[in-house]
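Trainee: I have the coordinates open. Let us go through some local features one at a time.

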Amino acid sequence: DHDEMSALAISPAGLALASPLRVTGDKSTAGRVALRVTPRPGRSSAKRAVVVPTAVATGTVATPSGDANPSQKYYSGMNGKALNAEEKQFPTMAEVLNKIPKHCFVKDTAKSLMYAAISTAITVGLGLAAFAYIPMTLAYLPAWIAYAFVAGTASTGCWVVAHECGHGAFSDNRAIQDTVGYILHSLLLVPYFSWQRSHAVHHSRTNHVMEGETHVPAQVNTPDSDVVFKLRDMLGEGPFTALNLVGVFLLGWPIYLLTGASGGPVRGATNHFNPNAGDQGKHALFPGKWRGKVWQSDVGVVATIGALAAWAVSAGSVWPVAALYLGPYLVCNFWLVLYTWLQHTDVDVPHFEGDQWNLVKGAFMTIDRPYGSIYDFLHHRIGSTHVAHHINHTIPHYHAKEATEALKEAYPDLYLYDPTPIVTATWRVGSKCIAVYKRGNEWVFTDERMPDAKPLIA
């Protein structure tokens, strides 16, 4: 009974109250609906009229006259540039890498340590200042909320540094790299090696509708999307979008770690703290040596939780821990989810399956966005140079801007950048990117029920 809301699940489609177990059904293509694809705006066609979208930043409807089949309804600031990928010529990965200056791949351990120290010093310094100058009373709650946002924003820089360690972009010295990454991620309650593995899978299957990892969209006419549509119908679009964003930003990250929500459907309900959860065969998230590394990761997280508990006991109250640690922790999680969601999701960015997917195509479905100089500094350009990061994840962040410029120059028709303001883009994604259906050879987002569309999973 799909109406029974038995457990909380977060997907890129939104907040869904459904079973965390994904049931993998027949993966054959028989019986699926193939819908006519509207040409990408700006591309001429001798057979069909071209639809030019309007007010793309806000997602205004642009429906072709006389079109009986569902066509592209919303556009981002990219104007549908990512759609109709089969009409484009994608280079090989070797060809792409040859366009990036060789020195962009060189890691400088001292420079990496400097950035790690800067992010850590800012975060710790803010904590010490708050402890010294903000009274631990309810009257100063607004000050503590402000502190949580600022310190959580700063600690995201530590998160990004550890992320770079997990990718092998921090140093050629693996001992230094893993030590820094393990400590920083453990302090942020992230299982370092577990996430290193799952994130590598995410990079190897970006925008694959079945085998992707994190922010894999729900498919229409599945339990996940059905519950989201019911919730949206019940609340209305505005309240639903607000609840969706709050749920995803507040709970999305821990629920993903614990249940694999928004992970690849082929992997089932995974758990970053237990390698025995989820598929144990071909699509196991933690095969072979990674099983032991999961347990190693647990040690760091448990040690941090133990230290926090000891702090609360010593203080005689949980409030110092909540004010100084939990608040910034939640803000850090918000930034993490915001970045990853917007890097791979928008109304006119498709997903793929089977032979229609390949590594280069998936990487070029990544989106760079304008976060501004302050956040770029604090977060080491994780949101504004993410395309280059997906082309090769060993490029250090301090070379990513130059690598990005090289990609923009070499592949202007493939590189994706959405100038839409972040708040507007976030609302659009939370409102319109409910589920995907197959249109031609692409899986595209819809915010409407489609009774005749056939999903790949039951």
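Trainee: Which residue's side chain does a polar contact of 2.8 Å join to that of Arg 428?

Mentor: Keep in mind that this is a predicted model. Arg 428 lies in helix α14, residues 422-432. The polar contact runs between side chains, at 2.8 Å. The partner of Arg 428 is Asp 418.

Trainee: Is Arg 428 buried or exposed?

Mentor: The cut-off for buried is under 20% relative accessible area. Arg 428 has 3% relative accessibility. Therefore Arg 428 counts as buried.

Trainee: How do α7 and α14 lie to each other, roughly parallel or roughly perpendicular?

Mentor: The axes of α7 and α14 come within 9 Å. They cross at roughly 105 degrees. Angles of 65 to 115 degrees count as roughly perpendicular. So the relation of α7 to α14 is roughly perpendicular.

Trainee: Which residues of α14 meet α7?

Mentor: On the α7 side, the residues include Glu 237, Phe 240, Thr 241 and Phe 249. On the α14 side they are Thr 426, Trp 427, Gly 430, Ser 431 and Lys 432.

Trainee: What is the angle between the axes of α6 and α7?

Mentor: Helix α6 covers residues 223-235 and helix α7 covers residues 237-259. Their axes come within 6 Å. The crossing angle is roughly 130 degrees.

Trainee: Why is α6 called oblique to α7?

Mentor: Roughly perpendicular stops at 115 degrees, and roughly antiparallel needs over 145. The α6 and α7 axes cross at roughly 130 degrees. That angle therefore makes α6 oblique to α7.

Trainee: Which residues of α7 make the contact with α6?

Mentor: From α6 come Val 228, Leu 231, Arg 232 and Leu 235. The α7 residues are Glu 237, Pro 239, Phe 240 and Leu 243.

Trainee: Is the crossing of α6 and α7 left-handed or right-handed?

Mentor: Look at how α6 passes α7. The crossing is right-handed.

Trainee: Now the strands. Which residue of β4 is the bridge partner of Ala 435?

Mentor: Strand β3 spans residues 435-439 and runs antiparallel to β4. Joining them are 5 bridges. For Ala 435, the partner in β4 is Thr 446.

Trainee: Which residue in the hairpin of β3 and β4 takes a positive phi?

Mentor: The hairpin has 2 residues between the strands. Phi is near 65 degrees at Gly 440.

Trainee: Why is β4 described as largely enclosed?

Mentor: In a regular strand, side chains alternate between the two faces of the sheet. Both faces of β4 are covered, with Glu 442, Val 444 and Thr 446 on one side and Trp 443 and Phe 445 on the other. The strand is largely enclosed by the rest of the structure because its buried count is 5 of the 5 residues.

Trainee: What is the phi of Asn 84?

Mentor: Asn 84 sits in the loop between β2 and α1. With a relative accessible area of 3%, Asn 84 is buried. Its phi is positive, in a residue other than glycine, and near 55 degrees.

Trainee: And what is the phi of Asn 207?

Mentor: Asn 207 lies in the loop between α5 and α6. Asn 207 counts as buried, at 5% relative accessibility. The phi of Asn 207 is positive too, near 60 degrees.

Trainee: How far apart in space are Ile 183 and Thr 304?

Mentor: Ile 183 is in helix α4, and is partly exposed at 45%. Ile 183 and Thr 304 are 121 residues apart in sequence. C-alpha to C-alpha, the distance is 9.7 Å.

Technical notes:
Residues are numbered from 1 along each chain as its sequence is written. This is a predicted model: local features need pLDDT of at least 70, side-chain atom pairs count only at pLDDT 80 or more; totals for chains, interfaces and linings use all residues. Side-chain values use heavy atoms; hydrogens and water are left out. Buried means under 20% relative accessible area, exposed over 50%, partly exposed in between (1.4 Å probe, protein chains only). Helices (H or I, at least four residues) and strands (E, at least two) are DSSP runs, numbered from the N terminus. Two strands pair if DSSP finds at least two bridges between them. A polar contact is a pair of N or O atoms within 3.5 Å; within protein, one must be able to donate a hydrogen and the other to accept it, and residues adjacent in sequence count only if both atoms are side-chain atoms. Axes are lines fitted to C-alpha atoms, for helices over the stretch in contact, and angles run from 0 to 180 degrees between N-to-C directions. Angles under 35 degrees count as roughly parallel, over 145 as roughly antiparallel, 65 to 115 as roughly perpendicular and the rest as oblique. A crossing is left-handed if the near helix is turned anticlockwise from the far one by less than a right angle, and right-handed if clockwise. Contact means heavy atoms within 4.5 Å.
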